[in-house]
Amino acid sequence: MLLALGCAVVAARAPCQEKPPPIVGTIVGEDGAPAAGVEVIARWRPRPELPASCGWTLDGLVAQAVARSDPRGRFRIATAARVPHLLTAHAGERMAAQVFPVLPGEVVRLKLEATFVFRGRVVDETGAAVGGADVRLELSDGSIYGRADAYAYPPQSCVVQSAADGSYALPFE
């Protein structure tokens, strides 16, 4: 009787330990044609959320997996956890809009578009241009996408320096 109960517990836990299915899909260009050789990125939080915390974890760790699309625009990303993933793709000056949440086993279609670029000019308090200033994007709290912001968006890593006339062009990652 005890042996049978032990087997039932092991059998019940086995599905939880199975490797999650991959995220698969296709990526197309602005013209709708398949896009080959595009870097597709999946990001996720590998640790459980804290209770009532909307995605926050103790360590704030964000993991990622990367794949490239084949000649027919198809991609397959192995996933390590059965949690929501943020998916995006980059190809030079083009980028696919970020999709969240994407669960392991889902089929996704991404479309490349021109990368959004923040442009501006850095000036001091007198209005004079400031060259060589570091410019970076930081997401503020209170966005309409609060759940996605808190759960899956890693901080922007792109930093640019303003030109001698104070101008800058910061691509959104």
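Predicted model: local features only at pLDDT ≥ 70, side-chain atom pairs only at ≥ 80, totals over all residues.
User: Which secondary structure does the chain have?

Analyst: Helices (H or I, at least four residues) and strands (E, at least two) are DSSP runs, numbered from the N terminus. Here there are two helices and eleven strands, and their order along the sequence is α-β-β-β-β-β-β-β-β-β-α-β-β.

User: Is Ser-69 buried or exposed?

Analyst: Buried means under 20% relative accessible area, exposed over 50%, and partly exposed in between, using a 1.4 Å probe and protein chains only. Ser-69 has 6% relative accessibility, so Ser-69 counts as buried. Across the chain, buried residues make up 32% of the 173 residues.

User: Where is Ser-69, and what does its side chain reach?

Analyst: Look in the loop between β3 (63-68) and β4 (74-77). A polar contact is a pair of N or O atoms within 3.5 Å; within protein, one must be able to donate a hydrogen and the other to accept it, and residues adjacent in sequence count only if both atoms are side-chain atoms. The Ser-69 side chain reaches the backbone oxygen of Ala-35 at 2.6 Å and the backbone nitrogen of Val-38 at 2.9 Å. Leaving aside neighbours within four places in sequence, the contacts of Ser-69 include Ile-27, Gly-37 and Phe-75.

User: And where is Ser-162?

Analyst: Ser-162 is in the loop between β10 (159-161) and β11 (167-171). Its relative accessibility is 6%, so Ser-162 counts as buried. A polar atom of the Ser-162 side chain lies 2.7 Å from the backbone oxygen of Val-130.

User: How many aromatic pairs are there?

Analyst: Rings of Phe, Tyr and Trp (its six-membered ring) pair if their centres lie within 6.5 Å; planes under 30 degrees apart count as stacked, over 60 as edge-to-face and the rest as tilted. The count comes to one aromatic pair. Phe-116 and Phe-118 form this edge-to-face pair, with 4.9 Å centre to centre and 85° between the planes. Phe-116 is exposed at 51% relative accessibility, whereas Phe-118 is partly exposed at 30%.

Methods. Residues numbered from 1 in each chain as written. Heavy atoms only, no water. Contact = heavy atoms within 4.5 Å.
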